[in-house]
Number of protein chains: 2
Amino acid sequence: MKRTIFLYSLALAALVFLLKFLEYRFIIRDLSLEFYFGIVAILFTALGIWAGLKLTRKKIILAGPEFILNESKLQKLGISKRELEVLELISSGLSNQQIADKLFVSPNTIKTHSSNLFIKLEVSRRTQAVQRAKELKLIP
Amino acid sequence: MKRTIFLYSLALAALVFLLKFLEYRFIIRDLSLEFYFGIVAILFTALGIWAGLKLTRKKIILAGPEFILNESKLQKLGISKRELEVLELISSGLSNQQIADKLFVSPNTIKTHSSNLFIKLEVSRRTQAVQRAKELKLIP
DNA sequence: AAATCAATCACCCGAAAGGATGATTCTCAG
DNA sequence: CTGAGAATCATCCTTTCGGGTGATTGATTT
């Protein structure tokens, strides 16, 4: 950001210098005032385009792969924190047994959680649950 | 695109008109030439920024959720078209039976394809396969 | 013509996942 | 204090998956 502003200022100064140079060398000649306005217009338009792109590119790129949890839908579907936790682990490709190990609970508990999840997400397989949860922005 | 160019032309014409107006009304007064150059510079910089954003916003937004199949990795892993097809259907949450119905083949065939896929993707569960395939840009 | 590979199908078996139901404990709001 | 909701665990039973193996067909390559 600071660098961009610095570069912009530099380019602006260079342009002003160029203009002054042109002004004092050819202003008395046959070229009209409109010609110089045209040059200024073109140069600064280009500068503006470049500056505009510089200033927004990073924001847009960073705004793209951003993930914000949709808590309203989470509540609307009545999904608890623990269930969401299980859902995330399911989406990472773990088996119920592995999830149980990771959360220090019984595999039966994970089965219960996943069953409840399937009901709330209105699906019947874990792959569908993952797909649906991503649609609903419940998981990245 | 065409509309943007049209609007740009319109704005440009308006600016030129404004300049002419200024030029013929105040050029004889006490304001210096640099002042007018400054106005032109500022106006066209703003115009350039605006035009630059207009012209690239759509491209960037469209470039975000864009998916390009990574064919090199497909070949590197030796995944055939049919296998990729099965992989896509797996990722959409279908069971082997449903995939078989959709492709008009036996469930056993789907099992063979999926088994081969798991070996090639070095995974052991379909949820992992989906996750991995997305990492490798094999599926959206 | 022989070899290779994708695609197809089959069968077996064990592991994982899903459905249904019931029970216990804990916390928190009414 | 009581009831609701959560998290936990269990049992039983069915379906789906995954691993292994083998076989056939058709197209492409050598």
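Tutor: The discussion below concerns chain B. This is a predicted model, in which local features need pLDDT of at least 70, side-chain atom pairs count only at pLDDT 80 or more, and totals for chains, interfaces and linings use all residues. Residues are numbered from 1 along each chain, chains are lettered from A, and side-chain values use heavy atoms, without hydrogens and water.

Student: Which residues form a nonpolar patch on the surface?

Tutor: B:Phe6, B:Leu7, B:Leu10 and B:Trp50 do, with about 390 Å² of accessible area together. Such a patch joins nonpolar side chains within 5 Å, each residue having over 30% relative accessible area and no salt bridge; a salt bridge is a Lys or Arg side-chain nitrogen within 4 Å of an Asp or Glu carboxyl oxygen. Areas follow the Shrake-Rupley method with a 1.4 Å probe.

Student: Which helix gives the most to the patch?

Tutor: Helix H1 (residues 2-26) of chain B, with 3 residues. Helices are DSSP runs (H or I) of at least four residues. B:Trp50 lies in helix H2 (residues 33-63) of chain B.

Student: Is B:Asn70 buried or exposed?

Tutor: B:Asn70 is buried, with a relative accessible area of 18% (buried is under 20%, exposed over 50%, partly exposed in between). B:Trp50, at 33%, is partly exposed.

Student: What is B:Asn70 in contact with, leaving aside neighbours within four places in sequence?

Tutor: B:Asn70 is then in contact (heavy atoms within 4.5 Å) with B:Leu136, B:Lys137 and B:Leu138.

How values were computed. Patches are made of residues with over 30% relative accessible area and no salt bridge: like charges are joined within 9 Å, nonpolar side chains (Val, Leu, Ile, Met, Phe, Trp, Tyr) within 5 Å. Helices (H or I, at least four residues) and strands (E, at least two) are DSSP runs, numbered from the N terminus. Buried means under 20% relative accessible area, exposed over 50%, partly exposed in between (1.4 Å probe, protein chains only).
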